[in-house]
Amino acid sequence: MHQRFVSLAATLLISMTAFAKTNTFELSSNDIKVGEVLSSKHVYKGFDCDGDNLSPHLAWSGAPKDTKAYAVFAYEPDAPTGSGWWHWQLVNLPANTAELKTGVGILDNTLLPQGAIQINNDFGSNDFGGACPPKGHGPHRYQFTVFALANPLNVSGDTKSAVVGYMVNTNALAKASIEVTFQRD
């Protein structure tokens, strides 16, 4: 009996390991790479910053089969606010979406898939807002995360960022991130 249990447990562990390896959710980009510094292409234009303010290219694969929608966040945990800074929250991307082109996060973009909603960011607009840390504050981290969601969210562009974050995290089946840095001297 003990030998049968050990054999069954080993088979189950091998099966679970194989399943985990074939079902990995991954995020990649032509514009940003893990640990690298953002280019001026993805820096905010305003608040004393002078970049192109373009959202980066993002592509993902390996989402769970039950995925019904996606959300994309750009978040800066090092902003001197006590709660970080929301640069972009894009929700309700259809389940057949697997890529966002560079610059798709502009205001009122008709290139976004139907049903996708850009949430009001901490700059006060419903689009992507690039990096713009205070001068002399050292390097800040910027986390670009794609979430595979169990359900689309019942939100609007004016829903508060914290509420959207809560709803995304409670509906997330998987997530994948790329963290980059940027600083102004």
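Trainee: Into which classes do the residues of the lining of the largest pocket divide?

Mentor: The lining divides into six nonpolar, six polar and one charged residue, where Ala, Val, Leu, Ile, Met, Phe, Trp, Tyr, Cys and Pro count as nonpolar, Asp, Glu, Lys and Arg as charged, and the others, Gly among them, as polar. This is a predicted model, in which local features need pLDDT of at least 70, side-chain atom pairs count only at pLDDT 80 or more, and totals for chains, interfaces and linings use all residues. Residues are numbered from 1 along each chain as its sequence is written, and side-chain values use heavy atoms, with hydrogens and water left out.

Trainee: What makes a space count as a pocket, and how much space lies in the largest pocket?

Mentor: A pocket is an open set of points on a 1 Å grid over the protein atoms alone where a 1.4 Å probe fits, with protein on both sides within 12 Å along at least five of seven lines. The largest pocket holds about 190 Å³ of space, a volume being the space filled by probe spheres set on the points, which are joined across faces, edges and corners.

Trainee: Which residues are the closest to the centre of the largest pocket?

Mentor: Of the 13 residues that line the largest pocket, having an atom within 4 Å of a point, the closest to its centre are Phe 73, Tyr 75, Trp 86, Phe 147 and Asn 169. The helix α2 (161-171) gives the most to this lining, with five residues, while β5 (69-76), β9 (140-149) and β10 (172-182) each supply at least two; helices (H or I, at least four residues) and strands (E, at least two) are DSSP runs, numbered from the N terminus.

Trainee: Why is Gln 89 called buried?

Mentor: Buried means under 20% relative accessible area, exposed over 50%, and partly exposed in between, with a 1.4 Å probe and protein chains only. Gln 89, in strand β6 (residues 85-94), has a relative accessible area of 1%, so Gln 89 is buried.

Trainee: Why does Gln 143 count as partly exposed?

Mentor: Gln 143, in strand β9, has 22% relative accessibility, and so counts as partly exposed.

Trainee: Why is Thr 67 called buried, and which backbone oxygen does its side chain reach?

Mentor: Thr 67, in the loop between β4 (58-61) and β5, is buried because its relative accessible area is 11%. The side chain of Thr 67 reaches the backbone oxygen of Pro 64 at 2.7 Å.

Trainee: How do you know that β9 and β10 pair?

Mentor: Two strands pair if DSSP finds at least two bridges between them, and β9 and β10 have ten, in the antiparallel sense. One of the bridges joins Phe 147 to Lys 175 in β10. The open sheet of five strands has the order β8-β6-β5-β9-β10. At its edges stand β8 (117-118) and β10, each with a single partner strand, so one side of each is left without a neighbour in the sheet.

Terms used. A polar contact is a pair of N or O atoms within 3.5 Å; within protein, one must be able to donate a hydrogen and the other to accept it, and residues adjacent in sequence count only if both atoms are side-chain atoms.
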